[in-house]
Amino acid sequence: MVDLHSLVDKFFYANRREYTVREGNIAYLDGSPLRRPFNMPVAQKIIALVIVVAALVIGFFFVNNTILASIRSTQQAEQRVADNLARQAAIETVPQLSSVVLSEDDAIRAAFDQAGYKTYDASSLSESGNLILWRLPDDMSLEEAALMISQGINRLDAEQGSKLLNGSWEFELDRVNGTSAAIHYVDFSTGDPQVAIRNALDAEKFDVNSVGESGVDESGNNYSKGSIEIDGHPCTWSIHAIPLSDMYSISGLPEDACYVGVRITVQ
């Protein structure tokens, strides 16, 4: 007959240590196994090395594809913004409003074409039916400009905003209540609204002696106003310059950029 007690004892205690050392009534376990060198077997070392190498490779790809990729993307975007801002400034191509304010729409389009301007006709976006023409930078397509303008300037990021706004200007002819022509552009180079106004005054070839008043209005905007005569028609002109951030909320563009507006109104 099988001795269950013996089987259980053999199953659970087969590997137990014998008490081989005795001192009086106290028996101690055999400690010789603890004195053996703790060397990892070669196979386990190889497996551990493979695991470490795999972890390093996975970590490298994770860092490269997330943190480093984000840094590179940011740096590339900043470089593209800098390249856009290095292009020809808008003020170098703005038309003289005094030469077109009395012209018909088709004549203005023809004059801009003859001057070599690449223009996008945004008149359909005007609720009052005004003629609105955007002069575009040479490296911007009409399709790209149409998408940016139609979706709203405030929705552009710094790269898009610098590409559209540096080198471009918006011309608008309003005949709803009398006749007035206006042009708007961004001055990225002067960093001072007063300097931006003086540059616009020179670009439009307004006589300094025609300045009637200038200063800062109640809203904190710099301005100059005056009067001229065009083909026998008395007219008034005005130039306003405000920080670009007051007009558009586009993060990443120069903080000292100025939004400039010039208008001639026929009396």
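**Entry 1: helices and strands**

I counted the elements of the chain and found eight helices and 10 strands. Both are DSSP runs numbered from the N terminus (H or I of at least four residues for helices, E of at least two for strands). I noted that this is a predicted model, where local features need pLDDT of at least 70, side-chain atom pairs count only at pLDDT 80 or more, and totals for chains, interfaces and linings use all residues. Residues are numbered from 1 along each chain as its sequence is written, and side-chain values use heavy atoms, with hydrogens and water left out.

**Entry 2: the whole chain**

I looked up burial next. Buried residues are 34% of the 267 residues in the chain. The cut-offs are under 20% relative accessible area for buried, over 50% for exposed, and partly exposed in between (1.4 Å probe, protein chains only). The chain exposes about 16,800 Å². Carbon and sulfur atoms supply 53% of that area. Accessible areas come from the Shrake-Rupley method with a 1.4 Å probe, and for residues only the protein chains shown count as cover.

I also checked contacts (heavy atoms within 4.5 Å). Of those between residues at least 6 apart in sequence, 58% join residues at least 24 apart.

How many of the six residues of strand S5 are buried? I found five, so S5 (residues 169-174) is largely enclosed by the rest of the structure.

I then looked for its partners. Two strands pair if DSSP finds at least two bridges between them. S4 and S5 pair in the antiparallel sense over five bridges. Here tryptophan 134 stands opposite glutamate 170 in S5. S5 also pairs with strand S6 (residues 179-187), antiparallel, over six bridges. In this pairing leucine 173 is opposite alanine 181 in S6. I saw that S5 and S6 form a hairpin with four residues between them. Glycine 178 sits in the turn and has a positive phi of about 85°.

**Entry 3: salt bridges**

Side chains of opposite charge can pair when their charged atoms come close. I counted a salt bridge when a side-chain nitrogen of Lys or Arg was within 4 Å of a carboxyl oxygen of Asp or Glu. The count is seven salt bridges.

I opened the pair of arginine 80 and glutamate 159. Their closest N and O atoms are 2.7 Å apart. Arginine 80 lies in helix H3 (residues 67-85) and glutamate 159 in helix H6 (residues 158-165), so the pair ties together parts 79 residues apart in sequence. Arginine 80 is partly exposed at 34% relative accessibility. Glutamate 159 is partly exposed at 27%.

Next came arginine 87 with aspartate 139, where the closest N and O atoms are 2.6 Å apart. Arginine 87 is in the loop between H3 and helix H4 (105-114), and aspartate 139 is in the loop between strand S4 (131-136) and helix H5 (142-151), so this pair ties together parts 52 residues apart in sequence. Is arginine 87 buried or exposed? I found it buried, at 19% relative accessibility. Aspartate 139 is partly exposed at 45%.

I finished with arginine 109 and aspartate 106, whose closest N and O atoms are 3.1 Å apart. Both are in helix H4, three residues apart, so about one helical turn separates them. Arginine 109 is partly exposed at 28%. Aspartate 106 is exposed at 58%. Salt bridges with shared partners join Asp106, Arg109 and Asp121 into one network.
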